[in-house]
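Keep the viewer open and try each task before reading its solution.

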Amino acid sequence: MKRYIPVSRVEGTASRQAHCDLPEGTYEREMSKEGFFGPAAFFHHRHPPTGWTEFTGPLRPRAFDLAKLPAEGHGPWSAAEVLVNGHCRIRYWRLPGSMTRLARNADGDELLFIHAGAGDLYCDFGHLAIEAGDYVVLPRGTMWRIDCAAAMDVLLVEATNSSYQLPDKGLVGNHAIFDPAMLDTPRIDADFIAQQSDSTRWQVEVKRRNSLSVITYPFNPLDAVGWHGELAVVRVNVRDLRPLMSHRYHLPPSAHTTFVADRFVVCTFAPRPFESDPGALKVPFFHNNDDYDEVLFYHAGEFFSRDNIHPGMMTFHPGGFTHGPHPKALTRMFQQSKPATDEFAVMIDTRDALDAGAGAEAVEWHGYVDSWRARP
Ligand SMILES: [Fe+2]
């Protein structure tokens, strides 16, 4: 039995409502446990907490321009490793054309996020046309390949040794954000039957413990004529998400949780109106995300809290690094110039520290830490 030490205080000049009605001329910073779910404190600072003039050491925030990675090989296992820990493996895959072998991940469920391009997924469960903005969850063990006429860019997120599940939607119920009925599954259709072959040699690259084994068949093993069950590849597109928002309260990123796995979550920022209440904060609050490493992949739109970030980039804020809006965004803390955000971004928050892979380091933008720097 254990519980957090109970404290509930208001000290000095302070607002009693988080993210609202800040004392004149102050900047709010949240320090919290369990992401945004545990006990928290809200400080009212006289300076932006990101107003540093110099920042050195391994805690510095990092940004990677994944759109600059080279296309290497036709399979997912040659994709560049970007950020990795024991529970989550994030890769970026620049697929130049159709896969020439089947893939099977025996290490965990794989989440594909299609950043650019379109194609056809063929897998144990059948055929599914896929396009930019799709999340595709491939249960561990699924055999699959992608056919594409042109190049595709795909963010791969492996739930190492675990499974993707949906978050508990709590007060808003199961059909909020996206209705489970919006999930598409592959079909045993004419295209799927047409790709079956009794005489074409196919190889499967199986990944287990991050090593590859190759299984050769004298036929196409995607030869199911049907299936039934409660487990399948599923797809939902980010344009079909209906994000939660409150006109009077800036909701934390956890309100946008899309998938959960062991020791990490995947959230989606989708277009939503800005808060309209005069006292409500209209930009993300400063915080340290002390219990999580925080990764953001920018898919489309204009990123309202960040300067110099374009689609295809990924930022990495290690737990303990205080961050918040960039100086330009901060000027719009209580008054936005447009009625709504138009950004789509994928956030991956991990409970354990992530390490950057060599592929990511090759496309790092070293000036990112300075993008908050106070003007001298
Ligand atoms: Fe954050």
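**Exercise 1: A loop alanine and its surroundings**

Leaving aside neighbours within four places in sequence, alanine 280 is in contact with His19, Cys20, Arg248, Tyr249, Glu275, Met333 and Phe334, where contact means heavy atoms within 4.5 Å. Before going on, note that this is a predicted model: local features need pLDDT of at least 70, side-chain atom pairs count only at pLDDT 80 or more, and totals for chains, interfaces and linings use all residues. Residues are numbered from 1 along each chain as its sequence is written, and side-chain values use heavy atoms, with hydrogens and water left out.

Task: work out where alanine 280 is placed and whether alanine 280 is buried or exposed.

Solution. 
- Step 1: Find the loop between strand 17 (264-269) and strand 18; alanine 280 is there. Strands (E, at least two residues) and helices (H or I, at least four) are DSSP runs, numbered from the N terminus.
- Step 2: Check the cover. Alanine 280 has a relative accessible area of 0%, so it is buried. The cut-offs are under 20% for buried and over 50% for exposed, with partly exposed in between (1.4 Å probe, protein chains only).
- Step 3: Look across to histidine 250, which is 30 residues away from alanine 280 in sequence, yet the two C-alpha atoms are 6.7 Å apart.

**Exercise 2: The iron site**

Task: say which protein atoms hold the iron ion as donors, and what the site looks like in terms of angles.

Solution. 
- Step 1: List the donors. They are His287 (NE2), Glu294 (OE), Glu294 (OE) and His323 (NE2), at 2.1 to 2.2 Å from the iron ion. A donor is an N, O or S atom within 2.8 Å of the metal (3.2 Å for Na, K and Ca); water is not among the atoms, so sites may look incomplete.
- Step 2: Read the spacing along the chain, which is H-x6-E-x28-H. Histidine 287 sits in strand 18 (residues 286-287) and histidine 323 in the loop between strand 20 (313-317) and helix 2 (327-330), so this pair, 36 residues apart, links distant parts of the chain.
- Step 3: Check the angles. The 4 donor atoms make angles of 60 to 171°, and the site is irregular.
- Step 4: Check the cover. Histidine 287 and histidine 323 are both buried.

**Exercise 3: An open sheet and its hairpin**

Task: trace the strand order of the 7-stranded open sheet and find what strand 4 pairs with.

Solution. 
- Step 1: Follow the order 15-10-7-12-5-4-22, with antiparallel pairing. Two strands pair if DSSP finds at least two bridges between them.
- Step 2: Look at the edges, strand 15 (234-237) and strand 22 (355-356), each of which pairs on one side only.
- Step 3: Pick out strand 4 (residues 80-84) and strand 5 (residues 88-95), antiparallel over 4 bridges. They form a hairpin with 3 residues between them. Alanine 80 has tyrosine 92 as its bridge partner, and leucine 83 stands opposite isoleucine 90.
- Step 4: Turn to strand 22, which pairs with strand 4 over 2 antiparallel bridges. Here valine 84 stands opposite aspartate 355.
- Step 5: Count the cover on strand 4: 4 of its 5 residues are buried.

**Exercise 4: Inside the hairpin loop**

Task: describe the setting of histidine 87.

Solution. 
- Step 1: List contacts beyond four places in sequence: among them are Glu158, Ala159, Asp262 and Asp352.

**Exercise 5: The whole chain**

Task: how many helices and strands does the chain have?

Solution. 
- Step 1: Count 3 helices and 22 strands.
- Step 2: Check burial: 51% of the 376 residues count as buried.

Terms used:
Four donors count as tetrahedral if all angles lie between 85 and 135 degrees; four count as square planar and six as octahedral if opposite donors are over 155 degrees apart and all others between 65 and 115; anything else is irregular.
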